[in-house]
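Here is a short report to read alongside the sequence and the 3D view.

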Amino acid sequence: MTPEANPQAGPDAGHEARYRAIAADLAAKIRSGHYAPGEALPPQRELSASYGVTLMTLRQALRELSDEKLIVQRPGKGTFVTPPHLAYQLDSLRSLVDDLRTQGHDVRTAVAGRAVRRAPARIAAELRLRPGDTALRLERVREFAGRPAVHQVSWVRRPVADRIRDRDFTAVSLYTALADAGVTVARASEVVRPGLLDPAAARHLQEPQGSPVLVSTRITYTLDATPVVSDHATILGSMMEIRTERAATGLSLTWGAIS
């Protein structure tokens, strides 16, 4: 029996039925691919008019979809279908992009800058450089689901850096460039911690300063234990998470996208 046919059902029941029906219809369109992952939904006023309801009713429907992790609402930008889940094997020596592309995801890289510079004190310590030594600073932005998600700054020790600085890093990963230059990577140490988006990364990731992020610091070593790359990645906390698979024989860690 519908709320309208039930004499005991008041206006609240009818209102709830309307926004739940809208939420169900939008959810069906998202799951069927009518609205693709990462795609913007029509503006709220347009949606409310098409369903013949008030903005308040529509927003309740959108809250339901948000609770179900089907959409993400970005203030000032609109409502978007949740991006697809991505997994990055933290226990692998492959690069983030190589790993994600292997899974079939479309991940794009933009090079924001590259230059040989004097290494800051922290980088010099991580790469075991002498004070005043220079290194290649490579800055990249990773995009998936149509939006930037990772801001990455890599410092590469010389003379290795001189052999790879002119590579096309929009198409080739840093690890691939190292291998092509005859550098064998033996291991890497990585620390991931929560943080807040700083002004420089905020400009590249198009998110407000202070947004929650995950910060990855990774140092890569050659066979003779020489640190060759110091990598600092800022990952939007609104889009990615760390997941684990536990087994009797070990632990697997992965990156995954979230709403």
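## Surface of the chain

In this predicted model, the protein chain has an accessible surface of about 13500 Å². Carbon and sulfur atoms account for 52% of that surface. Looking inward, 43% of the 259 residues count as buried.

## Helices, strands and contacts

Now consider contacts between residues at least 6 apart in sequence: 56% of them join residues at least 24 apart.

## Valine 183, in a loop

Let's visit one residue. Valine 183 sits in the loop between α7 (174-180) and β7 (185-196). Is valine 183 buried or exposed? Its relative accessible area is 10%, so valine 183 is buried, the cut-off being under 20%.

Which residues does valine 183 touch? Leaving aside residues up to four places away in sequence, they are Val160, Arg163, Leu178 and Thr222.

## Arginine 137, in a strand

Next, find strand β5 (residues 134-144), where arginine 137 has its place. Arginine 137 has a relative accessibility of 18% and therefore counts as buried.

The side chain of arginine 137 is joined to that of glutamate 139 by a polar contact of 3.3 Å. Not counting residues up to four places away in sequence, arginine 137 touches several others, including Gly113, Arg114, Val153 and Trp155.

Conventions: Residues numbered from 1 in each chain as written. Predicted model: local features only at pLDDT ≥ 70, side-chain atom pairs only at ≥ 80, totals over all residues. Heavy atoms only, no water. Buried < 20%, exposed > 50% of the residue type's maximum accessible area, 1.4 Å probe, protein only. Contact = heavy atoms within 4.5 Å. Areas by Shrake-Rupley, 256 points an atom, 1.4 Å probe, with all protein chains shown as cover. Helix = DSSP H or I, 4+ residues; strand = E, 2+ residues; numbered from the N terminus. Polar contact = N/O pair within 3.5 Å; in protein donor to acceptor, adjacent residues only side chain to side chain.
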